[in-house]
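Here is a short report on one chain. Read it beside the sequence and the coordinates.

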Amino acid sequence: MTILSRYIIAEILKAFAVVMAVVIIIYVAVDFFEKIDDFVGAGVPLSRMAVFFLFKIPLIVVQTAPVGVLIASLVVFGLMNRRNEITALKSSGIGPASLFKPAAVVGMGCCVLLFIVSEIVVPHTISRANYIWLQQVRQKTSSIDQKNNIWLKDDRTILHIRHYQPREKKAFDVVLHDLDGAFRVTRRIDAARGVYDGEQWVLRNVLDQQFDAAGNVKFVEFRERLKINLDLLPEDLDRASESADEMGFAQLLDRIRQIEGQGYSVVPQRVDLHAKLSFPFVCLLMGLIGAALGVMGRTRGGITANAAYGVGASFVYWIFHSFCISLGYGGMLPPLVAAWSANLVFGSATAAVIFAARR
């Protein structure tokens, strides 16, 4: 590796570290002010609150690293262009390819690091953060067994859900037990499925049973539809169930086989599975497109202007990627296509920009 390549890589990494520090601080600050009332209301100590936000940092890094790579690349090459360093290098016979290589090395390194962190670190840290939020802040006891059954308990209610789809906010094979002060069951509700309508849970195909103090059935009714008020939000079920973020690639693949064996749809899970492979490659694309724009002299503004370019480009990518993923969840695109479409489009745009910069 040449001295020039080492210099550019070092500068990109320095800028990347600064960008990520700023992003993490802003992200945590916003999240802190959103959740501070819940933590104070639950009487959670400040030290536990700090641990909660500390556990969320790896996920923040995984979600925002591509933005950091793009902004860092734009800033470094933009400043080099502003100081006429790129013009001097070209005059010395150093072609654009020699400038793209350091950006590609950083981007590829971030791809590998992002995949490792999302596979090894994030599943453990985000599950612990969810545990603190659900059981210490929301004060609901939860567990999930090897068959993906979700159990939730608060003061007087025990809820069992056989399968939950967080994207659609749908629960299947729901059993709800109401308890009295002596921990006796006073009411049991069995439902084929439940959907959260934004205000309350709506159960379908319901068997409603009520019991007396001796445990004998005193009331039975079958209903097509039943609205119930539960101190249970979809985000509680999101945190109680294992999301794709909490599982590595192999774990998610195993979960897909389990859910498929139970007869439920696994389309959203397959989209998430392919996205686990496609998303890390964004770092490579972002690094290269930032370098190409810098070499072309399209970002001769200051650091603020370059950062704005990076945020704008990242926003466009994220909107398009989210749109494709949503189409995949809805079954309008195959999971593989949904997960890789944004990379394909932005990869083509990156290749076009690099070709233009080499001319």
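## Surface and overall make-up

The chain exposes about 18000 Å², and carbon and sulfur atoms supply 61% of it. Accessible areas come from the Shrake-Rupley method with a 1.4 Å probe, and for residues only the protein chains shown count as cover. This is a predicted model: local features need pLDDT of at least 70, side-chain atom pairs count only at pLDDT 80 or more, and totals for chains, interfaces and linings use all residues. Residues are numbered from 1 along each chain as its sequence is written, and side-chain values use heavy atoms, with hydrogens and water left out.

The chain holds 10 helices and 7 strands. These are DSSP runs, numbered from the N terminus (helices: H or I, at least four residues; strands: E, at least two). Of the 359 residues, 46% are buried. Buried means under 20% relative accessible area, exposed over 50%, and partly exposed in between (1.4 Å probe, protein chains only). Among contacts between residues at least 6 apart in sequence, 62% join residues at least 24 apart. A contact means heavy atoms within 4.5 Å.

## Cores

The largest nonpolar core has 45 residues, of which Ile12, Phe77 and Leu99 touch the most other members. Helices H1 (3-42), H2 (46-82), H3 (85-91), H4, H8 (282-296) and H10 (335-358) each give two or more residues to this core. Another core lies apart from it, with 17 residues, among them Leu152, Tyr164, Val174 and Trp201. A nonpolar core is a set of buried Ala, Val, Leu, Ile, Met, Phe, Trp, Tyr and Cys residues joined through side-chain atoms within 4.5 Å.

Beyond its neighbours within four places in sequence, Leu99 is in contact with Leu4, Ile8, Phe77, Ile86, Leu89 and Val295.

## Nonpolar patch

Met108, Val112, Ile116, Ile120, Val121 and Phe281 form a nonpolar patch on the surface, with about 490 Å² of accessible area together. Val121 lies in helix H4 (residues 96-137). Its relative accessible area is 34%, so Val121 counts as partly exposed.

Helix H7 (residues 267-278) has 12 residues and reaches 17 Å from its first C-alpha to its last, close to the 16 Å expected at 1.5 Å a residue. The expected span is 1.5 Å times one less than the number of residues. Buried residues in H7 include Val271, Leu273 and Lys276.

Ser314 sits in helix H9 (residues 303-329). Ser314 and Pro66 are 248 residues apart in sequence, yet 7.8 Å apart in space, C-alpha to C-alpha. Not counting residues up to four places away in sequence, Ser314 touches Val67, Leu70 and Met286.

## Strand residues

His177 lies in strand E4 (residues 170-179). Leaving out neighbours within four places in sequence, His177 is in contact with Arg156, Thr157, Ile158, Val185, Arg187 and Arg188.

Most residues other than glycine have a negative phi. Asp173, not a glycine, has a positive phi of about 55 degrees. Asp173 is in strand E4. Phi of Asn205 is also positive, near 50 degrees. Asn205 is found in strand E6 (residues 201-211).

| Residue | Relative accessible area | Class |
|---|---|---|
| Ser314 | 6% | buried |
| His177 | 18% | buried |
| Asp173 | 37% | partly exposed |
| Asn205 | 45% | partly exposed |

Note on methods. Patches are made of residues with over 30% relative accessible area and no salt bridge: like charges are joined within 9 Å, nonpolar side chains (Val, Leu, Ile, Met, Phe, Trp, Tyr) within 5 Å. A salt bridge is a side-chain nitrogen of Lys or Arg within 4 Å of a carboxyl oxygen of Asp or Glu.
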